[in-house]
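Try each task before reading its solution.

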Amino acid sequence: MPSAVGPHIAPAGQAYPSSLPTVEEVSAGGVVVDTTDPNLPVAIIARINRGGRLEWCLPKGHPEGRESNELAAIREIGEETGIMGNILAPLGSIDYWFTVTGHRVHKTVHHYLLRAVGGNLTIENDPDHEAVDVAWVPISELARRLSFPNERRIADLAREVLPEHLLS
């Protein structure tokens, strides 16, 4: 599963046979941090994957209509975690491939660092009901809690760049 972290997306390469049609998907989300708490907790969600296993991940989702990636990230994080945030910085993009019945999907996810500005931790506002749980995790433990290596790299980057945004 190729991935990229940074302002540019690395070419993903051929991961599946070319006989299947390819669909391109875009999502946006990120790392929303409660900067009022000294532990700097981050809101993450749990979902059940196709194999029935629980996965902890960063909240994300598809832009709606002509919505920008930034606005989609704010909305999706709010829907999936109950926490509203303001964007502090872009954290880069990751991309990966997966298959669903009859086609392969090349997905690109744009991540942002956000400061929590309100709301209450809940999955009750998730319109797709993908999230089955939500939790605050100290940023120092975030990478260990996330299920996917590419999201762990985003978490590490968030921890690196957050200090420059704590003074503002």
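One thing to settle before we start: two residues are in contact when heavy atoms lie within 4.5 Å. Also keep in mind that this is a predicted model.

**Exercise 1. Get the layout of the protein chain.**
Task: work out how many helices and strands there are in the protein chain, and what pattern they follow along the sequence.

Solution. Start by counting: the protein chain has 4 helices and 7 strands. Next, read along the sequence, which gives β-β-β-β-α-β-β-β-α-α-α. Then look at burial: 46% of the 168 residues are buried. Finally, take the contacts with a separation of 6 or more: 72% of them join residues 24 or more positions apart.

**Exercise 2. Describe helix α1 and what covers it.**
Task: say how far α1 reaches, which of its residues are buried and what covers them.

Solution. First the span: α1 has 13 residues and reaches 18 Å from its first C-alpha to its last, close to the 18 Å expected at 1.5 Å a residue. Now burial: the buried residues in α1 are A72, A73, R75, E76, I77, G78, E79, E80 and T81. Their cover includes strands β1 (22-33), β2 (41-48), β4 (60-61), β5 (83-100), β6 (103-119) and β7 (133-138). Last, step off the end of the helix: G82 follows α1, and its phi is positive, near 85°.

**Exercise 3. Zoom in on R75.**
Task: is R75 buried or exposed, and what does R75 touch?

Solution. R75 counts as buried because its relative accessible area is 16%, and the cut-off for buried is under 20%. Leaving out residues up to four places away in sequence, R75 touches H62, P63, E64 and E67. With E67 there's a polar contact, side chain to side chain, at 2.8 Å.

**Exercise 4. Check the rings.**
Task: how many aromatic pairs does a search of the whole structure find, and which charged end sits over the ring of W56?

Solution. The search turns up 1 aromatic pair. As for W56, the charged end of R145 sits over its ring, 5.0 Å from the centre.

How values were computed:
Residues numbered from 1 in each chain as written. Predicted model: local features only at pLDDT ≥ 70, side-chain atom pairs only at ≥ 80, totals over all residues. Heavy atoms only, no water. Phe/Tyr/Trp six-rings, centres within 6.5 Å; stacked < 30°, edge-to-face > 60°. Lys NZ or Arg CZ within 6 Å of the ring centre and 35° of its normal. Buried < 20%, exposed > 50% of the residue type's maximum accessible area, 1.4 Å probe, protein only. Polar contact = N/O pair within 3.5 Å; in protein donor to acceptor, adjacent residues only side chain to side chain. Helix = DSSP H or I, 4+ residues; strand = E, 2+ residues; numbered from the N terminus. Expected span 1.5 Å × (residues − 1).
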